[in-house]
Amino acid sequence: VYAGSPGGKDILKPFVKNISELRTSEGLNIEFHIYGINPIQLSDIMGNQDDYSKMGVFAHGRVSHDEVVDAVSQSHYTILLRYPERYAKAGYSTKVAESLSLGTPVICNRIGGTDLDIENGTNGFVIPDTDDNNLKGIIRTVCNIEADKYSTIRKKCIEYASKRYSPDTYARNLLNFIFCQ
């Protein structure tokens with residue numbers, strides 16, 4: 001799943017392309033659900049007017065936050081691919097925080113930002129870049145993970161999120177900062 005408005009920040013095109021190709025060439029039974037853009041916007045991103053739903057790619061448009069949370073929690077993985085630019089390294093992606101908090105592992109590329117929190121095979125997967133070989137490789141990998149291994153990965157996501165995003169983790173430092181102790 002991808003949830004958001006890609007704009008110039010997030011990359012969808014190579015992932016959509018590779019999902020479509022693997023479904024056709026290798027018969028992989030995989031779907032990619034996109035929330036935040038509609039089918040026309042997806043066609044604009046892809047540069048053609050293909051019916052991507054026939055290729056296992058579904059653009060649901062803008063939906064409520066509750067629908068997005070439900071979709072992310074029910075999905076096997078969240079995808080976050082970005083260009084290695086300064087904006088991607090600054091700040092922290094709420095997409096990643098929400099996904100891990102819901103127990104959904106993240107697949108992302110190495111850019112030196114939020115991806116540093118993803119431990120390969122533990123709470124998601126990090127690929128070096130958005131090269132077709134890397135994308136196809138990770139898609140094949142996640143399609144072949146056994147159920148018990150995947151269940152462990154989901155649990156590790158929740159464990160990581162409960163520590164990393166808990167207010168208790170930062171309370172002492174924040175109080176020390178406020179009261180100059």
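Predicted model: local features only at pLDDT ≥ 70, side-chain atom pairs only at ≥ 80, totals over all residues.

Student: Which residues lie nearest the centre of the largest cavity?

Tutor: Leu 80, Arg 82, Ile 111, Thr 114 and Asp 115, out of 10 lining residues. By class, the cavity lining splits into six nonpolar, two polar and two charged.

Student: What about the open spaces? What is the volume of the largest pocket?

Tutor: About 450 Å³. There are 20 residues lining the largest pocket, and the closest to its centre are Ile 30, Glu 31, His 76, Tyr 77 and Val 142. The name pocket applies because the set of points is open, with protein on both sides within 12 Å along at least five of seven lines.

Student: Which elements supply the lining of the largest pocket?

Tutor: Helix H1 (13-26), strand S2 (32-35), helix H6 (132-143) and helix H7 (147-164) supply at least two residues each. H6 gives the most, with three residues. The lining has 14 nonpolar, five polar and one charged residues.

Student: And how is the second largest pocket lined?

Tutor: That pocket has about 340 Å³ of space. Its lining counts 17 residues, with Ala 3, Gly 4, His 65, Val 68 and Glu 98 nearest the centre. Helix H3 (65-74) and helix H5 (94-101) supply at least two residues each, and H5 has the largest share, with four. Here the classes come out as five nonpolar, nine polar and three charged.

Student: On to single residues. Why is Arg 154 called buried?

Tutor: Arg 154 has 19% relative accessibility, and the cut-off for buried is under 20%. So Arg 154 counts as buried, with 19% falling under that cut-off.

Student: Where does Arg 154 sit, and what is Arg 154 in contact with?

Tutor: Arg 154 is in helix H7. Leaving out neighbours within four places in sequence, Arg 154 is in contact with Ser 73, Ser 75, His 76, Leu 102, Gly 103, Thr 104 and Pro 105. Each of those counts as a contact because heavy atoms come within 4.5 Å. Arg 110 is 44 residues from Arg 154 along the chain, and their C-alpha atoms are separated by 21 Å.

Student: How do you know whether Asn 29 is buried or exposed?

Tutor: Asn 29 has a relative accessible area of 73%, and exposed means over 50%. So Asn 29 is exposed. Asn 29 lies in the loop between H1 and S2. From Asn 29 to Ile 19, 10 residues apart in sequence, the C-alpha to C-alpha distance is 9.6 Å.

Student: Which way do the residues of S6 point?

Tutor: Gly 124 and Val 126 point one way, while Phe 125 and Ile 127 point the other way, and all are buried.

Student: What is the strand order in the sheet with S1, and how do you know that S2 and S3 pair there?

Tutor: The order is S1-S2-S3, an open sheet of three strands with parallel pairing. The edge strands are strand S1 (2-3) and strand S3 (57-59). S2 and S3 are joined by three bridges, and at least two are needed, so they pair. Ile 34 has Ala 59 of S3 as bridge partner.

Methods: Residues numbered from 1 in each chain as written. Heavy atoms only, no water. 1 Å grid on protein atoms, 1.4 Å probe; cavity = no way out; pocket = protein on both sides within 12 Å on 5 of 7 lines; lining within 4 Å. Points joined across faces, edges and corners; volume = space filled by probe spheres on them. Nonpolar A, V, L, I, M, F, W, Y, C, P; charged D, E, K, R; others polar. Buried < 20%, exposed > 50% of the residue type's maximum accessible area, 1.4 Å probe, protein only.
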